[in-house]
Amino acid sequence: MVPRPARVTSASRSLNPYIVFFVVVAVVVILAVIIGLLVYFLAFDQKSSFYQSSIQILGVQYSDELSSPATEKYRTLSGNIESMITRTFKESDLKNQFVKAHVVKLRQSGNDVIADIIMKFKFTRRNNEASMKSRIESILHQMPNNSEDVTMNPTHSISSLTGQDTVQLFTRECGVRSDLITLSEERIMGGNKAEEGDWPWQVSLQWSSSHRCGGALISNTWILSAAHCFRSYSDPRQWIATFGTSTTSPQQRVAVRSILIHDNYNPETHENDIALVQLDKEVTFNRYIHTVCLPEANQAISPGSTAYVTGWGSQSYSGNTVTNLEQARVNIISNYLCNAPAGYNGAVLSGMLCAGVPEGGVDACQGDSGGPLVQEDSRQHWFIVGIVSWGYQCGLPDKPGVYTRVTAYRHWITQQTGI
């Protein structure tokens, strides 16, 4: 008998139970992730939607005061309109979707006033756009037509806005930063570096392609700066204005047509240290380049209030200028304290303004001259209250920066520019 060969046991045809377990778990996890993502995008992922509408304001006589966001009348009326719209939506079934309302313009309509408003909502992606628009319109028309503050007649329909539409509407206003253009709920303003759109009115004034001074855009053809910047460099043909946060890679460059220095500028006392620069052509406004608001002549600037100074100046006395825009938070200091014997001992005149911090260390410096000192109002509009003028070195205790007080020259600016 021929012996049969020993039977070779083949590999098990059944899978290892541990492998089966891990495969099943992996499949379940992948399915859970897919389902979770679908649920998130359908139910929770939100997109921002902007809408425009116009509301008739009854019983308010239109006047020149309502043509400028710098006036208290404009600020009060716009604030009341925004508060009423906000209250209406926060008491509606869209309270979780409503983000913010903002008046972008007050205009005349016969004997009444029309408020052009922008509203921001956040809807999940599964929401129907037409349905949401109808719901918003319905709630607006249910809004009480009067309160103790304002009487409104929301008879106009609403229209959807694209992101570019919103930018164009907001850049017609002065003093608007990127966070207001997006009607953001969160506002972050820290550190030294400025981002594009933080200070869209900031200008670098360059002589022979080298940064010399700062400035602030107050219209599409006019820049506000300091007279001492042009004391030794008066030929406008050698100057150029650049826009954006970088002096070496700006977003726009525009030649200078003329320079208007205050007739009574005194370089010894720094009195009337103010100048206007006229551009050779209009600046193209966008999200990152547009104007700052000019204050009214009687606008209050309270000691202790917060302000921001921006520029490309040196980080220390006698240091080099920087190429990327810097920002610094300072406090307004009364002229009385600024003129103390330990301070400037009476050298700060009525047309000047002090700003800094008591312990020093935060200040404008060389290269910041002519740049803006700005403050924010209750509606997130920014106003230029000072122009970097002079000071003893940079950032020393009891020696804050001294600025030209813009309110003192409001009428002069209008006389020269019509603004």
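1. A quick definition before we start: two strands count as paired if DSSP finds at least two bridges between them. With that in hand, look at β12 and strand β15 (residues 372–376), which run antiparallel and are joined by two bridges. One of the residues to look for is Val309, whose bridge partner in β15 is Leu373. Please keep in mind throughout that this is a predicted model.

2. That pairing belongs to a wider arrangement. Six strands close into a barrel, and their order is β12-β13-β14-β17-β16-β15. The pairing in this barrel is antiparallel. From one strand to the next, the twist averages 45 degrees.

3. Now to the open spaces. The largest pocket holds about 570 Å³ of space. Its lining is made up of 28 residues. If you want to find the middle of this pocket on screen, go to Ser67, Pro69, Arg172, Glu173 and Cys174, which lie nearest its centre.

4. Which strand gives the largest share of the lining of the largest pocket? It is strand β2 (residues 98–109), with three residues. By class, the lining of the largest pocket divides into 15 nonpolar, seven polar and six charged residues.

5. The second largest pocket has about 330 Å³ of space. It is lined by 20 residues, and those closest to its centre are Ser314, Gln315, Ala328, Gly361 and Asp363. The lining of this second pocket consists of seven nonpolar, 10 polar and three charged residues.

6. Strands β12 (306–311) and β13 (326–333) each supply at least two residues of the lining of the second largest pocket, and both β12 and β13 are among the barrel strands.

7. How many cavities of 30 Å³ or more does the structure hold? There is one, and the largest cavity contains about 70 Å³ of space. Lining the largest cavity are 13 residues, with Trp199, Pro200, Gly244, Thr245 and Tyr288 nearest its centre. Sorted by class, the cavity lining has six nonpolar, four polar and three charged residues.

Note on methods:
Residues numbered from 1 in each chain as written. Predicted model: local features only at pLDDT ≥ 70, side-chain atom pairs only at ≥ 80, totals over all residues. Heavy atoms only, no water. 1 Å grid on protein atoms, 1.4 Å probe; cavity = no way out; pocket = protein on both sides within 12 Å on 5 of 7 lines; lining within 4 Å. Points joined across faces, edges and corners; volume = space filled by probe spheres on them. Helix = DSSP H or I, 4+ residues; strand = E, 2+ residues; numbered from the N terminus. Nonpolar A, V, L, I, M, F, W, Y, C, P; charged D, E, K, R; others polar. Axes fitted to C-alpha atoms, helices over the stretch in contact; angles between N-to-C directions.
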